[in-house]
Amino acid sequence: MIKHLFTLSLFTISLYSLGQENYNNVSMVVSTADLENNTYKKDTTANALLIYEKGYSRVQNGGNYNLLTDYERKIKILNKKGFDEATVEFFLYRNKSGKELYRKLVAYTHNLENGKIVKTKVLKENIYQENYNENFILVKFTFPKVKPGSVITYKYQVESPFMFNFNGWDFQDDIPKLYSEYVTDLPGNYVYNIKLVGTLKLTTNQSTIKRNCIEVGRGGSSDCAHNVYVMKDIPAFKKEKYMTAKKNYFSRVDYELKEFKGFDGINKKYTETWKNVDDKIKREPNIGLQLKKVNTTKDILPDSIQIQPNSLAKAKKIYQ
């Protein structure tokens, strides 16, 4: 009897442990399990866990034909050290010709109180904008009533007139992620170089054609490349010594605008070939100016070296 009770106890503990990791990583809906779970066994050092995120980029059909990107994220705060995740910042690009805008920002803190899910909204007056520098505006807000165990959710949309400034998607970050998805619907007249950066592999990498997704004047239309990228169970990025900007090493999908093919037949190239770059350097008047500034160095070498022809022997003497 004791043996059977012991076996039953182990089975119960095992089921309980599995339940503790049963996060809802398929949607933005905050479940009771999301709030009850307070561990992440695959990374016990994690202070927060991104449960679910999705991005969707496409060209606005009509209007200004700008680039629209929707962002949505759900994050679990595991302990007090994870409170940094409760402050969200993102940048909007601008220049003399235009600027990016954000809209539809909705953010909530979710807590479990007396067995019920209680939501606290981030108020509009607590969302701040500031001029970060000449080219960027910083948007910033902090979630209220955050405590260990809270789940925070937020979503917003960015409208950008800068198709060349298409940011792509970072799958990896400082905290582990259970599910990250990025979807793009991009017209065929925008030709991008697309590359996967980093060491992690995609769980899903699908590409299909979406017919007549963009309508233009006089009955014209364009097909779109419909791409779906998914990555699951993403480990937190660990910075190493002597590493430059860590964001450069995140596993991500990068988009570089290569060429725009106008409906009027005019094409514009954005990505240069090496031959074009070489020609531009040769014509650039500022290239090589530093080599002409000899006054500061003319007295360093003795005449016995200066009078020698420019050869390997002279280079060795200068080195010595």
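**Talking through a disulfide and a sheet**

Trainee: Is the disulfide of C213 and C224 right-handed or left-handed?

Mentor: Keep in mind that we're looking at a predicted model. The hand comes from the torsion about the S-S bond of C213 and C224, which is about 65°. That's why we call this disulfide right-handed.

Trainee: How far apart are the sulfur atoms of C213 and C224?

Mentor: To count as a disulfide, the two cysteine sulfur atoms have to be within 2.5 Å. By this rule the count comes to one disulfide. It is formed by C213 and C224, and the distance between their sulfur atoms is 1.6 Å.

Trainee: How many residues apart in sequence are the parts that this pair ties together?

Mentor: Start by finding each cysteine: C213 sits in strand β13, while C224 belongs to strand β14. So the pair links parts whose separation in sequence is 11 residues.

Trainee: Zooming out, which are the edge strands of the open sheet?

Mentor: Read off the order of the eight strands, β6-β5-β9-β2-β1-β11-β14-β13, where the pairing is mixed. An edge strand here pairs on one side only. That gives us β6 (116-121) and β13 (204-215).

Trainee: What does the twist average from one strand to the next?

Mentor: We're still on that open sheet of eight strands. Going from one strand to the next, the twist averages 15°.

Trainee: Which residue in β6 stands opposite T109?

Mentor: In general, strands of a sheet pair through backbone hydrogen bonds, either parallel or antiparallel. Strand β5 (residues 101-113) and β6 run antiparallel, joined by six bridges. Across from T109, the residue in β6 is T120.

Trainee: Is N114 buried or exposed?

Mentor: You'll find N114 in the loop between β5 and β6. It isn't a glycine, yet its phi is positive, about 55°. For the label, exposed means over 50% relative accessible area. N114 has 82%, so we call it exposed.

Trainee: What does D233 count as, going by its relative accessibility?

Mentor: D233 is placed in strand β14 (residues 221-234). D233 is at 40% relative accessibility, so it counts as partly exposed.

Key:
Residues numbered from 1 in each chain as written. Predicted model: local features only at pLDDT ≥ 70, side-chain atom pairs only at ≥ 80, totals over all residues. Heavy atoms only, no water. Pairing = 2+ DSSP bridges. Helix = DSSP H or I, 4+ residues; strand = E, 2+ residues; numbered from the N terminus. Axes fitted to C-alpha atoms, helices over the stretch in contact; angles between N-to-C directions. Buried < 20%, exposed > 50% of the residue type's maximum accessible area, 1.4 Å probe, protein only.
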